Structures are given as C-alpha cells and as structure tokens.
Amino acid sequence: MQTNFLSQQFNAGSLAENSTACPANATICDGTSCVLPEDNFNRTLSVVLSTILTIMLALVMFSMGCNVELKNFLCHLKRPWGIFVGFLCQFGIMPLTAFLLSLAFNILPIQAVVVMIMGCCPGGTASNVIAYWVDGDMDLSISMTTCSTLLAMGMMPLCLFIYTKMWTDSDAIVLPYDSIGLSLVALVIPVSFGIFVNHKWPSKAKIILKVGSIVGAVLIVLIAIVGGILYKGSWIISPKLWIIGTIFPAAGYSLGFLLARIAGLSWHRCRTVSLETGMQNTQLCSTIVQLSFTPEQLELMFTFPLVYSIFQLLFALLILGGYRLYRRHRLKTKTDVEKTAQEEDSKPSANINGGYISDEMK
C-alpha cells in the first residue's frame, strides 16, 4: 500500500469535532490528545539539551573505550564470530520478531511500519554502559555497536524492503543517513581516544573508566527524563502498541542470549550479545518516523519509540539487578567453600582420621 493510503485511515472528521478540547494552536486533536507545534522555547530547550547530552555521551564513550584492549578489539575484527552472531541477532532476529508481533496483534499498517523500523535499527550506545556493569565483553560490545551502526546503512533499507511491502511502499520511508553517519562518528572517535589512553596510560584509564561508568548510568536516566520533558501535550496510543513495546525488548534480550549460547559463546559474551540485541537506537527510530510520515499519521504511532525505550531500559535494569544478586551469591558461596577448605587443611591429621596415627606418621 502507498503511504497516502495509510493517511486516509486517520479520521479527519473526528479531529474537527474534538478540536474544541485542544488549544487553538494544536496541529492534531483527538479528544484530550493534542499535538502542539514546536514553539521557540521548546526548540531552544531541545537544542541546549541535545548539545549537553551529545557532549556527555562522547565523554561516556571515551571512558568505555578506556576499558577496551587494542589487541582484543583487533582480535574480534580478525575473527569476527561474536560480531557475526550479533549481526544475526540485530538484523535477523529483531526484524523478524517485529514482523511476527505486528501480525500477531493485528495492528494498523502505519503502526506495523513503525514497529518494523524499530526492529531494523542498529544497537544503541546505552548497551555499552550496561554491558560494563554486567561484566560483559567490552571489546565485543564496542565492536558490535560500531559494526551494526555501519552495516545499518545497507541492512536497514534491505530489511524494510523485505518486511514492509505488505503495508507500505518502502520508498516512502526516509532513512536519515546523515544521522546514522553522525552516530557512527560520535561512537568511533571518542572510543578510539579511549583505546589510545588505555594503551598508553592504563592506570589513568582505570580511573576514567570508573568515573565514566557512573556518568553513563546517570546519562541513561537523564535521556529518559529529557524525552518526557520534550513531549508537550497528552498522547493516546493503542494498548496493542504498549503490549508490543513491552514484549519486544524482552524478546530481543532473551533470543539474543539464546542464540549466542547456541553459537557456543562464553557466558559473559552471551550477556553482551543479549544487551546489544535488545537495546535499539530509539533516537534514530524517532528521527526516521518524523521524516517519513505526516502529522496525522504521527498521531497513531509517534510515541512507540518512547514506549520501547522505557521498557528496554527497565528490562536492562532488571538484568543488571539479577546479575548483581547472582554475582554476590556466587562470591559468597565461593568464599564459604574456600574457608571450609582452609579449615580442613589446618586440622591435625589425628582429628581427620578419628585419632588413628599410622606408623608412617610417627
């Protein structure tokens, strides 16, 4: 179907009837749900916050690079089995999952398209921060994020062409290659500096890493808050999209971990692949949606990237909390075993064998 056909699904008559419930300057009204034009204050706030967040993100990625060993990073590139598994998860599992969820819940074509766009996006940089906190393979995490962002320039059009033909013309979806390129540059340059610092001054790199990991955790929460600040007006989306937004990231984490384990990767690499699979670049998805659809169509599905980002962060924090509890229990159990072994070793032989002392020990 063509995109102009999709726009006809939106009931323009109902908008006119409910226009009195919205402010006079609202561009879209549906009862109490309003979309307001971007005013000067909101535009200025967006620019300022985007600049601050971009600088913070660059610093965080610089600190993450301080945990990357150049030799190990190059080894992943020379023997890219882990990267290949991540590629299958990112551009195989995620688009297919998005397609199946769209069919299973029988959502509107325009809503199915935005779910597909989310499924075809590359991994987000937040996964690198979470991977650090769950003791993942940072070399693999950085290389996967870099490769998925680079390959997205070709794989996103291909996946969207394959999966969206039944709903819309794939040519109607505008891919912002400049945004993808900027994301790649914002990732590669600071990480490269971090790798260099770790190679030259490893002791200083550890200090930078500790500070950057904390800043990164704060940044993830801050981005979620900023997303809420920049939303003006109330939004009402289909409950089906809320359900999909809940299931989709959970499925990405689970299937990514499962495929990595089947491929024979170690546990810490399985955790890395899982996070890289489930955590998508939601900012890129929002940009594509805004460039590709009319305001009337945005009313039906613009909030979905925000819903996905909320639940992908929530599940990532649950994974982090579960891993930390497991690690604490494991260390506690390991310590108890070691203490028991030391006590056994320190006991006299007579106490161990019931008081009997052999002739050889006399």
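P80 is partly exposed, with a relative accessible area of 36%, where partly exposed lies between buried (under 20%) and exposed (over 50%), using a 1.4 Å probe and protein chains only. The model is predicted, so local features need pLDDT of at least 70 and side-chain atom pairs pLDDT 80 or more, while totals for chains, interfaces and linings use all residues. Residues are numbered from 1 along each chain as its sequence is written, and side-chain values use heavy atoms, without hydrogens or water.

**Individual residues**
- P80 sits in the loop between α4 (70–78) and α5, helices being DSSP runs of H or I with at least four residues, numbered from the N terminus.
- The C-alpha atoms of P80 and M144 are 9.6 Å apart, although 64 residues separate the two along the chain.
- T97 belongs to helix α5 (residues 81–105) and counts as buried because its relative accessibility is 11%.
- Leaving aside residues up to four places away in sequence, T97 touches F248, A251 and L255, contact meaning heavy atoms within 4.5 Å.

**Nonpolar cores**
- The largest nonpolar core has 41 residues, and V115, M116, I117, M156, F248, V289 and F304 touch the most other members; such a core joins buried Ala, Val, Leu, Ile, Met, Phe, Trp, Tyr and Cys residues through side-chain atoms within 4.5 Å.
- Elements giving two or more residues to this core include α5, α11 (239–262) and α15 (304–346), and α6 provides the largest share, nine residues.
- Another core, of 25 residues, lies apart from it and has V68, V129, M138 and V191 among its members.

**Annotated span**
- UniProt, in an unreviewed entry, places a "transmembrane region" at several spans, including residues 306–326; such annotations may be inferred rather than shown by experiment.
- Residues 306–326 are 100% helix and 0% strand, with end C-alpha atoms 30 Å apart.
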